[in-house]
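Me: Could you take a close look at one part of this model for me, the second chain, and tell me how it is built and what it touches? I'd like one connected walk-through that I can follow with the structure open.

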Amino acid sequence: MGELNLAQLWSPIRLTIELAFITTILLLVFGTPVAWWLARSKARWKEAVATVVAMPLVLPPTVLGFYLLLLLGPNGPGGWIAGLYGARTLAFTFTGLVIGSVLYSMPFVVQPIRNAFEAFGDRPLEVAATLRASPWDAFWSVAVPLARPGFLTGAILGFAHTIGEFGVILMIGGNIPGQTKVLSVAIYDFVETQYWTEAHILAGGMVVFSFAVILTTMMLGRRYGQHGR
Amino acid sequence: MRESVPQISTAFAGTLGSFSLDVAFKMPMRGITALFGPSGCGKTTILRCMAGLQHLPGHFIVGDQVWQDSARSVFVRTHERPLGYVFQEASIFQHLNVRQNLLYGAKRAGNAPTSDALDFDAIVELLGIGQLLERSPVALSGGERQRVSVGRALLSRPRILLMDEPLSALDRMTKEEILPYFERLHQSLALPVVYVSHDIGEVARLADTLVLLSKGRVMASGPLEVLQTDPSLPLIAAPDAAVMLEGRVESIDETYALTTFSVAGGALVMPGRQGAPGAERRLRIAASDVSFTLTAASDTTILNCLPARIVSIDGAANEAQVNIIAALGADGSGARIAARITRKSQAALGLAPGTPVFAQIKSVALMR
């Protein structure tokens, strides 16, 4: 194939951005209460929960992918859920990818948000309570605004990490164009089949993207570091 | 038995780690009550329990409002208690500017009834924070921050104001700058204030009622004028012991620039023009500035020479000195003052409880 197939390039990019976007939203929705609980609970076993959340940092993606495959497959709970709407399995579906990505990127979102919640301690919340703010009110009017740098960092890292995901996706998503064939898998594919130009475009794009993400995160960190407290 | 005057009733008992607290006392519904004691005596814990930030068994009743009564399983959560709380260190919300900070509690308090006309402009004026409204808290000095937190607490229309060593994080200059604002609050608001402090200077300036604490227990509680001359309490034994007297400006001597104050049982003269006749002032007399004579001395440079009667003599001060409490007025019915004199002088004059004397007061200081 001599000329570029734009559709072949664009499809994984779009799919990846969609996946990262949905994953980031879900992580903010579900990760925030987890981060809040980890930051504020006095339960002894909370560090055990924190460890579970952080496991994807050290586990080989293939290990996580293997267990996810079992969970999402026809004989796991994922298969049971899929059965509710007449499908056989969640593995090798976009939904499956989202579930995998949420688990895999969880520590990158939860950790910065937890740190941000911990950084300001109990005091601002006590102050809010003495000023008639209910716990729910204080969470939104004090905790979330004060933890904004943590939310930003978490969202950026979660998004970026999902985009760079490979091993887990290979295990549970396979390589279905338009459904599970995301960027990193596409690059692998292009290289395997010696489509160097396409591989170059995607890989080069990722380099630029990663650079931008890390630079943005660092600059945000500096800005909040100077003015935030 | 219920007393007819509404008051604040406090009782907390429990342990926090290795610290045990067991206190019960009552406070009037107006004026400043100081919880006074050394670090670690439990005063901040009591204040936090009053606010519901901490939970120890007991009760806390403000007038007709029961905020906690463990016997009846009543515990009103902090955000449902109409109180104002000023924390030890600046607790301004960093993500809001000064105006937004001030309005945070006001917005949530709604139209709760309040005894004072505490509107925004009046509070801002009272605390002198008008120029700061649009500023970010980052740009405020320590003293400004504490003034803003006091204003924020007041604007939430509290029934009671709790202050936890609000000046302890400030340097001496800033304290001096902020104390007059607190005194103005005291004069213009009917709000009861509980003021935690380990600084006798602050207590002497601000407090009307005193709760003396030591190691999680109440040593004594009552009006400042009573406790400050109670020989069984450590206040009088302190090296810099002094008494506070409430005085009213009677007249100004324009020729010599002297102000005469009337106090219970006598009159005191102080250099300078200390306010318009009728103004209420708090005066401080250090025990070391008081001496006694048996006859009225006329050939002395000391202006204040008042008839008084010895109330008690406490020889426990040290080897050389005794602490004497005397009551002003020839019949000894006036305000009580304290004096520290040598044992030798006491013996020479034959001073004993009931002895009529003249109290020579070398200097009087104006506290507020």
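Chain B is divided into domain 1, residues 7–227, and domain 2, residues 242–366.

Reply: Happy to! Keep in mind throughout that this is a predicted model. In terms of secondary structure, chain B has 21 strands and eight helices. If you like to picture a box, the C-alpha atoms of chain B fill one of roughly 65 × 50 × 40 Å along the principal axes.

Now zoom in on a pair of helices in chain B. Helix H4(B) covers residues 142–155 and helix H5(B) covers residues 172–188; their axes come within 9 Å and cross at roughly 25°. Angles under 35 degrees count as roughly parallel, and H4(B) is therefore roughly parallel to H5(B). As for handedness, H4(B) passes H5(B) in a right-handed crossing. You can find the contact by selecting B:Gly142, B:Gly143, B:Gln146 and B:Arg147 on H4(B), together with B:Thr174, B:Glu177, B:Ile178 and B:Tyr181 on H5(B). Sorted by class, the residues of this contact are four polar, two nonpolar and two charged.

Next, turn to where chain B meets its partner. Here, 19 residues of chain B are in contact with 15 residues of chain A. On the chain A side, helix H6 (123–130) and helix H7 (135–146) each supply at least two of the residues that touch chain B. H6(A) gives the largest share of that side, with six residues. The side of chain A that touches chain B has eight nonpolar, four charged and three polar residues.

Helix H1(A), residues 6–40, packs with helix H5(A), residues 94–119, at an angle of about 45°, and their axes are 7 Å apart. The two helices are therefore oblique to each other. H1(A) passes H5(A) in a right-handed crossing. By class, this contact has 18 nonpolar, five polar and three charged residues.

Technical notes
Residues numbered from 1 in each chain as written. Chains lettered and ligands numbered in written order. Predicted model: local features only at pLDDT ≥ 70, side-chain atom pairs only at ≥ 80, totals over all residues. Axes fitted to C-alpha atoms, helices over the stretch in contact; angles between N-to-C directions. Helix = DSSP H or I, 4+ residues; strand = E, 2+ residues; numbered from the N terminus. Parallel < 35°, antiparallel > 145°, perpendicular 65-115°, else oblique. Left-handed = near helix turned anticlockwise from the far one by under 90°. Nonpolar A, V, L, I, M, F, W, Y, C, P; charged D, E, K, R; others polar. Domains from an automatic or database assignment. Contact = placed C-beta atoms within 7 Å.
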